Amino acid sequence: MGELARTFNSMVEELSRTEELRRNLVADVAHELRTPVTNLRGYIEGISDGVIPPNAATLASMQGEVMLQTRLIEDLQDLALAESGQMQLKIQPCDLEELARSAANAVQPQAQAKGTKVAVETSEALAVNADPERISQVLRNLLVNAVNYTPSGSQVTVRTLQRNGHAEVHVADNGPGIPPEDLPHIFDRFYRVDKSRSRSTGGTGLGLTIARSLVEAHGGSIEARSKKGKGAEFVVTLPRSRAASDAGPEN
Ligand code: ADP
């Protein structure tokens, strides 16, 4: 009977925790969606009252708010799919170096505009079992963050390597890094180290949450490392593929 009571109690605890998480999520989403809508309403009312000029600059600002809202909705959709395990992954053997290079190419315009260098370092051919589109999305996300959260002229490096029979991608930068007190929360929904700055760069605070869900859906893991003033490093670990294209030694 004692055993049964304990099991029952822990079940009740678990249920109330789930319910609290759900309530928090709904409140967070409502809060995040409210901001761009409120800003947009401000513009519309300002234009109607004649206090904001209806010119190209105003329209550009309004478009920025709509784009942030669109990104939020898309990110939430991705997150819901990934977390419920309903995302259809097209798992296949992929060349990790190719994924790293194409993600680095994709962020090149943004990096160049900031005078930031993005380098790709690979030592051996590594094949992973992954959905190439989704892993590219993860790498692009880490690279965009590395470019966005470092001062202009910084250096970003993508490195692929194998360790303990797994494949790893390291995305490292030489920016300000992530404070130790923030590091444990960096993958939480809507978590931003510097709220105002992230807002101005249009971040949704969901990028790393989605990245983690996607990597975990592949049976992999993601980790953030940072030493004060020494930049941030994100390590994505993925299962290797035993495909013929993988020339690396097995261990
Ligand atoms: P966001 O949309 O705000 O970029 P993310 O989930 O991608 O959301 O990142 C969460 C927060 O982690 C960011 O707001 C930023 O404060 C911090 N962060 C992410 N990558 C880096 C990095 N390379 N260097 C410093 N801080 C970072």
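Helices α4 (132–148) and α6 (207–217) and strand β7 (232–239) each supply at least two residues of the shell around the ligand. Helices (H or I, at least four residues) and strands (E, at least two) are DSSP runs numbered from the N terminus. The model is predicted: local features need pLDDT of at least 70, side-chain atom pairs count only at pLDDT 80 or more, and totals for chains, interfaces and linings use all residues. Residues are numbered from 1 along each chain as its sequence is written, and side-chain values use heavy atoms, with hydrogens and water left out.

**Ligand shell**
- The ligand is surrounded by 20 residues, a residue being counted if one of its heavy atoms lies within 4 Å.
- The closest of these are Y149, D173, T204, G205 and L208.
- Helix α4 provides the largest share of the shell, 3 residues.

**Polar contacts and burial**
- A side-chain N or O atom of Y149 is 2.7 Å from an oxygen atom of the ligand (a polar contact is a pair of N or O atoms within 3.5 Å).
- A backbone N or O atom of T204 lies 2.8 Å from a ligand oxygen atom.
- For G205, a polar backbone atom is 2.8 Å from an oxygen atom of the ligand.
- The ligand taken alone exposes 540 Å², of which the protein buries 95% (Shrake-Rupley method, 1.4 Å probe).

- F8 belongs to helix α1 (residues 2–48).

Terms used:
A polar contact is a pair of N or O atoms within 3.5 Å; within protein, one must be able to donate a hydrogen and the other to accept it, and residues adjacent in sequence count only if both atoms are side-chain atoms.
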